[in-house]
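Subject: Structure handover

Dear colleague,

Please find the structure below, together with the sequence. My notes on it follow, and I would be glad if you read them with the model open beside you.

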Amino acid sequence: MIFGFNRRRVINNIKKNAEKKQFNAKAELNDPVLTKEEVKKLVQQFWQHTQTLNYRILNLNFRRIFGLVAIVLPPRSRIEGMQNLPDSPSAFITGNHYNQFDVLMIKRLAMKKKSACMQ
């Protein structure tokens, strides 16, 4: 994992893949390779799990905590280009790469957009 013990090796794999223009090639170490049946089973288990009371309670609490962290953690960051977001009540927003902290900025953007729509 890029934040784990193999960070340097993962970064080197990313560089090698980019040099070969293989932008979708795996870079993480020990990524599992699943069959279609295994993927289907995992997805079904996930959807069943989302129906449990335990999941619903934990999900609600983690969403609240995540909202607070999104406000507190990245204080030196700023959001620009709000005018480029659609005026619709919903939009699909994603980062062009993944980092565990990137999602905090996306959450912060969503919260800012929601408050702007409510004014």
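A word on terms before the findings: helices (H or I, at least four residues) and strands (E, at least two) are DSSP runs, numbered from the N terminus. This is a predicted model, in which local features need pLDDT of at least 70 and side-chain atom pairs count only at pLDDT 80 or more, while totals for chains, interfaces and linings use all residues. Residues are numbered from 1 along each chain as its sequence is written, and side-chain values use heavy atoms, with hydrogens and water left out.

The chain has four helices and zero strands, and along the sequence the pattern reads α-α-α-α. Of its 119 residues, 12% count as buried, where buried means under 20% relative accessible area, exposed means over 50%, and partly exposed lies in between (1.4 Å probe, protein chains only). The accessible surface of the chain comes to about 10600 Å², and 59% of this belongs to carbon and sulfur atoms; such areas come from the Shrake-Rupley method with a 1.4 Å probe, and for residues only the protein chains shown count as cover.

T50 sits in the loop between α2 (36-49) and α3 (53-72), and it counts as buried because its relative accessibility is 8%. Leaving aside residues up to four places away in sequence, T50 touches Y55 and R56, a contact being heavy atoms within 4.5 Å.

F46 has its place in helix α2, and with a relative accessible area of 39% it is partly exposed, whereas W47 is exposed at 53%. The structure holds one aromatic pair. The ring centres of F46 and W47 are 5.1 Å apart and their planes stand at 65°, so the pair is edge-to-face; rings of Phe, Tyr and Trp (its six-membered ring) pair if their centres lie within 6.5 Å, and planes under 30 degrees apart count as stacked, over 60 as edge-to-face and the rest as tilted.

M111 is found in helix α4 (residues 102-118) and, at 28% relative accessibility, counts as partly exposed. Not counting residues up to four places away in sequence, M111 touches G67, A70 and I71. With G67 the separation along the chain is 44 residues, yet the C-alpha atoms of M111 and G67 are 8.2 Å apart. For the chain as a whole, among contacts between residues at least 6 apart in sequence, 56% join residues at least 24 apart.

With kind regards
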